[in-house]
Every structure is written in C-alpha cells, then in structure tokens.
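Trainee: Could you walk me through a few features of this model, one at a time? I would like to learn how to read them.

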Amino acid sequence: MKTWLLRCALGSLALSAPALAQDEDDPYAYPDEVPADDASESYDEIRPKVDQTDDFRRVSEQEHDDGEDDFEPLSGLDDPNLGVAMEFIAGALFLDSPRGRFAETRPGLGVRATWEYGRILDDEALREALWADLRWTFGGTSDGTDFIQANSNFHYFTIAPAYELKLGKSDFGFYAQAGGGIAYTASTLDIDTAQTKVSGIKPLIQYGVGFRGRPRLTSSGNFRLAFRLEALGYRRGYQNDFFLGGSLGTAF
C-alpha cells in the first residue's frame, strides 16, 4: 500500500509542474504548431510566388480545335468614339482652263461627312487609320461681255476612302485618299436677251493628300474639333481640276 501511494504522489508532482508554468488564459501549445511570426515565411515556402498572368497568357495563345481563339478582342466595347464627323470646306478651286491658261482660280466651298469605318474591324492598328468621306464641293466661273455672258457651275459629288498615318498616340496624322464619284456641270449662255442652258454629268476620280486632326475639346465626353489641310485633284474626263484648302467641323 505504501509503494502504491508513493507512486501516485510522484506522478502528481510530475504533472503539476507544466500546469503551473502555463497561464490559464494562454492556449495550449502544440509542438507541431508554427509560431505566428514565422507564418509568412512558411507560406512562402509552401506556396512559392508565381506570375498568375501566365495562365491567362497561355490560354489566350491557345486555340480551339475549330480554329477560334479562347478570348475575343474587346477593343471596341470600351471605345466611346462613334467615328463620325461633319465639316465645312473652303479653299481655292483651280479649274482646268479652256483658254489655254494654267487654271481658272475660283473659290471652292462644300461640306462633307466622315465615317471611320476602321472601328468595325478587330485590328487595333486600323481602328483610326481607315475612314471614308462623303463629299460635295462647289465652284463656278463667269466670263464674257455685256452682250455675251457665260456662267458655269461645277458640283463634285464623291465617296473616297483614306488611310491615315498617325503621329504616335496623338490625334493628328497625315493621310492619302482616293475615290470616285460624279461631276455635274450646269452652264448658261446669255446672248443679248436670249439664254441657253446646258448641263451634263461626267464620272469623276478624286485623289490627294492632307493633314488631319481630331483634338478633344472637353476633358470628359467625346466632343472633338475636326479639321484638315488638304490638296486634292479631280479628274473629270480629259480635264483636271485641283482644290487647295481645308475644313473645320466637329467629331464624335
């Protein structure tokens, strides 16, 4: 009996030492638990740092069996530009002279509408580089004496696509343009009190180069100033007319 009591007393003393060394509010410490200060280091060892964009880049470069990409281009979804502009045209119109001169210089006026059709394409480089004009240009001549008077009015109706070379990321660039349309000519010949009217239509080829700008007018929104400086040629039949001037308007 004494031996059994002695063993119990010694066992109680052995268990009471760790219990007294630990506070009642402290959590029990386990030998396998990682200290809080080393949590970040252990996380880096377990989960090494990797570039998470590699997975997206790898998937975007892969193709389905049917040849379609996993990711569709979204360049047009967040583009606030409509790619539409309206401009008034003014300049000098150099008409082919029937009297052997270099040209008959007259004022040239007109209006045009521009559509940046490159925005319907998925190619980012062509979004603002491709556009087309629907244009009307007007000019006229008048010559004669008090007895004989001749007046001619020229109307050029053209549709011309263009390719623009942007100056970096700016809203300015140089362009080349070529298109076609019709030239309508209305002439009147007055001899004393008698008047004769003549009109006709010829196919027309338009070509030329220019400088184009579309700077933003407001910090928010998409209201822009549209302007151009251009040199154009009109080929109507065997005659060549030229226009040197510019335009001013708005773009959206």
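Trainee: Is Gly246 buried or exposed?

Mentor: Before we start, note that this is a predicted model, where local features need pLDDT of at least 70, side-chain atom pairs count only at pLDDT 80 or more, and totals for chains, interfaces and linings use all residues. Residues are numbered from 1 along each chain as its sequence is written, and side-chain values use heavy atoms, with hydrogens and water left out. Buried means under 20% relative accessible area, exposed means over 50%, and partly exposed is in between, using a 1.4 Å probe and protein chains only. Gly246 has a relative accessible area of 14%, so this residue is buried.

Trainee: Where does Gly246 lie, and which residues is Gly246 in contact with, leaving aside its neighbours within four places in sequence?

Mentor: Strands (E, at least two residues) are DSSP runs, as are helices (H or I, at least four), and they are numbered from the N terminus. Gly246 belongs to strand β8. Contact means heavy atoms within 4.5 Å; with those sequence neighbours set aside, Gly246 touches Phe88, Ile89, Ala90, Arg228 and Leu229.

Trainee: How many aromatic pairs does the structure hold?

Mentor: Rings of Phe, Tyr and Trp (its six-membered ring) pair if their centres lie within 6.5 Å; planes under 30 degrees apart count as stacked, over 60 as edge-to-face and the rest as tilted. The structure has nine such pairs. One of them is the tilted pair of Phe172 and Phe227, with 6.1 Å centre to centre and 50° between the planes.

Trainee: Which parts does the pair of Phe172 and Phe227 tie together?

Mentor: Phe172 is in strand β5 (residues 172–191) and Phe227 in strand β7 (residues 224–236), so the pair joins parts 55 residues apart in sequence. Phe172 is partly exposed at 27% relative accessible area, and Phe227 is also partly exposed, at 22%. Ring pairs also link Phe172, Phe174, Phe211 and Phe227 into a cluster.

Trainee: What sits over the ring of Phe243?

Mentor: A charge sits over a ring if NZ of Lys or CZ of Arg is within 6 Å of the ring centre and within 35 degrees of the ring normal. Over Phe243 you find the charged end of Arg135, 5.1 Å from the ring centre. Arg228 lies over the face of Tyr175, at 5.6 Å from the ring centre.
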